[in-house]
Amino acid sequence: MKRFVILLLLIISQVSAQVSTTKPWAYWWWMGSAVTKDGISQNLKEYARAGFGGMHIIPIYGVKGEENKFLPFLSEEWLEMLDFTLKEAKKNNLGIDLTLGTGWPFGGKSVSTADAAQAFRVTEHNGQYMLTFAPTNQKVKRAAPGGEGLVLDPFNKAALERYLQTFQDAFRQKKYPVRAFYNDSYEVYGANWTANFFQRFKELRGYDLQQHLDVLAKEKAESPREKLIWGDYNETLSDILRDDFTKTWTSWSKKQGKLTRNEAHGSPANILDLYALADIPESEFFGSKPYDIPLSRIDPDYEEKRFGVPDALVLKLASSVAHVTGKKLVSSETATWLGNHFKVSLSQVKPIIDESFIGGVNHIFYHGVPYSPPNAPFPGWLFYASTNFNQQSHFWDYLPELNNYIARCQEKLQNSKPDNDILMYFPIYDLWQSVGNKAKTHAIDVHAIMKDGMLKSAFGDACKTLMANGYSFDFISDLQLKSSQINNKQLVTQGKHAYKAIVVPPVQYIPVATLAYLEKCKKAGIPVFFIDHLPTTATGFKNWDKHQKLFEQLLPSFSHSVSLDIVSSLQTAKIRKENLSEAGLSFIRKKNAYGTLYFVSNLGNQFRQGMIQLAASGRAVRIYDALHQKSGLVSFKRIASDLLEIPITLYGGQSIFIEVLNHKPANEKAFEMKKPGKTILLKGRWKVDFIKGQPFIPNSFQTDTLQSWVNLSDSTAQYFSGTARYQLTFSLDKSEIKNSWLDLGDVREMASVKLNGKDLGKYWSLPFRIPVAADNLSTTNKLEIEVTNLSANRIRYLDKTGVNWKKFYDTNMVDIKYQPFNAAEWKPVASGLLGPIRLISEQ
């Protein structure tokens, strides 16, 4: 018995010590790597208490005045600190990922001029063309001490192997238990060549590019010959990035016993094939988005022209690969430049988290958490381009609420599989048949792709049409398409998921081998649709006449596959669609062990309450509210064998899980779903006390009208950052004492609520609606609301009074417009309880 107890305790301890991927992780910037053991220990304990699952170490530039504490990257002292960090993280059940370098992209002092990123130039003299190449001289961006140097040539396999050897030598003495190695988004500016490019081109394309230097001299591809050769050039860059860089790096990491996270975007490649080589494909949710959620807002300084507008379609580039290849985790760099420093609220973070889930992400990485010494005065150490999620943030006390919400959501999303019916062909070849930008390449980055890149095209329009009409799809590359298997009129991809239709957006160029495979799919009974028209041209300059002849022989078999109305075509083919999109709701549909799982989010103001239909079959329907941890069965009406109708209530900013279950659970309670009834505007004399904050504690006051406290006659209030307590006594008739919602209206920014002495919890996201049970109401009631604002007004004071907090190397410090940061001229930011406060009874 004693042995059994010991074994049981051992198993329990092992389970409890497992690193969580359902909890959010974060980019963890080591400023100058000036970290201390005491600081690491305390920081990690606090991160764990706040609900983090892990940290991703990125050494970057340092803090002025801390030079004597800098630890040179990969020095014995730095490795000793890494070893200590990993041990402390394990104590706190936190995972650790590591960037293979400092800042980004790969590079540093070990990179020689010969191994550095290269660019070519073609000159012409008397009709003779000559190609020369030289280093771009790009340096590692935001490099940490000891990591400064040239950026690595990403097209040079031997150079990459030499670069990786540096890490292999450094890590040889200890098997540091890092979970994953990371490669940041491709930002190798101007690189378009490598020393053995002619050789690799001939191996991959089958002819000598040196015979066509006149084409490489072009600024624009005009003739068919020029377009085909530029297509071959771009495809060769893509193949090298896949085989010589990404495959080499991921294989090396695997030999070290590590997983890999790869941000493939930004590269001049078919990024779907690059994402596919990593264990965890990683996307990026960069910037701000104007949602139609009532009371939501966007930083007016965010420059859409510079950064574009983030979209779930961008996230699908990474998640599609995970679905197609069978990877469990899809990560995302999240909240990068969501708003200006000191101005981001959690109510702005939640919608992008929800949209990330809709886009297929299930492993959130905040961008991010700067390591800051525990004794550093406000605002601590900061990174220039992120939302600050560390202990100095104004929302730190509320962050566990968001973290726990994410963990509950990701637990369901990670333990489910894709349930999309359509494969959308990724039309990379049309892009490649042109010269590209000044560097003569085509970078597929997350900033431009929705603004003026691939998704700002007929391809993007097709994707938006499918989404708007409730069709679920994944992107697929030529390589992934041809690696799939045809089975029972479905295409089964490497990830064992079966797709029921293939859609090809309007394209001109497509490889003849891809067209032949699509014909094979069509003959096997898989619906294949070409939107608007068939492709016209085979790719590849070598033997093009032969390939084009075969291409044209294949085209007649698709004469009935052209769709001038893709929605009607999919309906005719009986491909599932959901009406959720038409109702104004965003969703992702998945499968789990119990049936069909939907995550549904209301990112607008079209829907509030009503009936929705679900294209699924089952014997019961369960709703789970992950934010409030409420679950229960809901009644449903069977419209058809694979179509159900259910009632839901979902206001702008809210989200729920809906599970269509294969079996009806026994003794499970119903999900409470009430309609709004009478609305009572709470009026009276508010007593307001400032209970904690900086740099001053304003005087208490009373008011009959709720407004921002920065408008008070007390001038110190316009600089106050902290918490104020609002108290109101209000009366109700006995007939008005019912189960109700307390609607706080406009809250700037977070609120803790008590009613008649009972704690009703913390609220930080839109809408600020709080359930109130009838037995917590009486004829005379006391309402207490503690409101915490942003730290923007406090930083105004520091800048107005000349406090030297901006003491960082490299980028010190820029605002969201990349101008020198100065809050002295900011207008005071609205703060406090703006209301109106209403009590809404349930019917």
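C409 is buried, with a relative accessible area of 0%; buried means under 20% relative accessible area, exposed over 50%, and partly exposed in between, using a 1.4 Å probe and protein chains only. C463 is in no disulfide, and the nearest cysteine sulfur, that of C521, is 19 Å away. C463 is also buried, at 0%. A disulfide is a covalent bond between the sulfur atoms of two cysteines. Here the term is applied to a pair of cysteine sulfur atoms within 2.5 Å, and a search of the whole structure finds 0 of them.

The model is predicted: local features need pLDDT of at least 70, side-chain atom pairs count only at pLDDT 80 or more, and totals for chains, interfaces and linings use all residues. Residues are numbered from 1 along each chain as its sequence is written, and side-chain values use heavy atoms, with hydrogens and water left out.

## Helix α12

Helices (H or I, at least four residues) and strands (E, at least two) are DSSP runs, numbered from the N terminus. The expected span of a helix is 1.5 Å times one less than its number of residues. For the 16 residues of α12 this gives 22 Å, which agrees with the 22 Å between its end C-alpha atoms.

Of the 16 residues of α12, 12 are buried, so the helix is largely enclosed by the rest of the structure. Among them are L399, Y405, R408, C409 and Q414. The buried residues of α12 pack against α11, β12, β22 (586–592), β23 (595–601), β25 (620–625) and β29 (655–661).

## Aromatic pairs

Rings of Phe, Tyr and Trp (its six-membered ring) pair if their centres lie within 6.5 Å; planes under 30 degrees apart count as stacked, over 60 as edge-to-face and the rest as tilted. By this rule there are 63 aromatic pairs. One of them joins Y27 and Y182 edge-to-face, at 5.8 Å centre to centre and 90° between the planes. Y27 lies in strand β1 (residues 25–31) and Y182 in strand β8 (residues 180–183), so this pair ties together parts that are 155 residues apart in sequence. Y27 is buried at 1% relative accessibility, and Y182 is buried at 0%.

F342 and F378 form a tilted pair, 6.1 Å centre to centre with 55° between the planes. F342 is in the loop between β11 (331–336) and α11 (346–358), and F378 is in the loop between β12 (363–370) and α12 (399–414), 36 residues apart. F342 counts as buried at 10%, as does F378 at 15%.

## Charges over rings

A charge sits over a ring if NZ of Lys or CZ of Arg is within 6 Å of the ring centre and within 35 degrees of the ring normal. The charged end of R794 sits over the ring of F378, 3.9 Å from its centre. K762 lies over the face of Y398, at 5.2 Å from the ring centre.

## Nonpolar cores

A nonpolar core is a set of buried Ala, Val, Leu, Ile, Met, Phe, Trp, Tyr and Cys residues joined through side-chain atoms within 4.5 Å. The largest has 248 residues, and W28, F52 and F171 touch the most other members. Its largest share, 10 residues, comes from helix α7 (residues 224–255).

Contact means heavy atoms within 4.5 Å. Leaving aside neighbours within four places in sequence, W28 is in contact with residues including I40, Y47, H56, V369 and Y371. A second, separate core of 21 residues includes I612, I623, I648 and L650.
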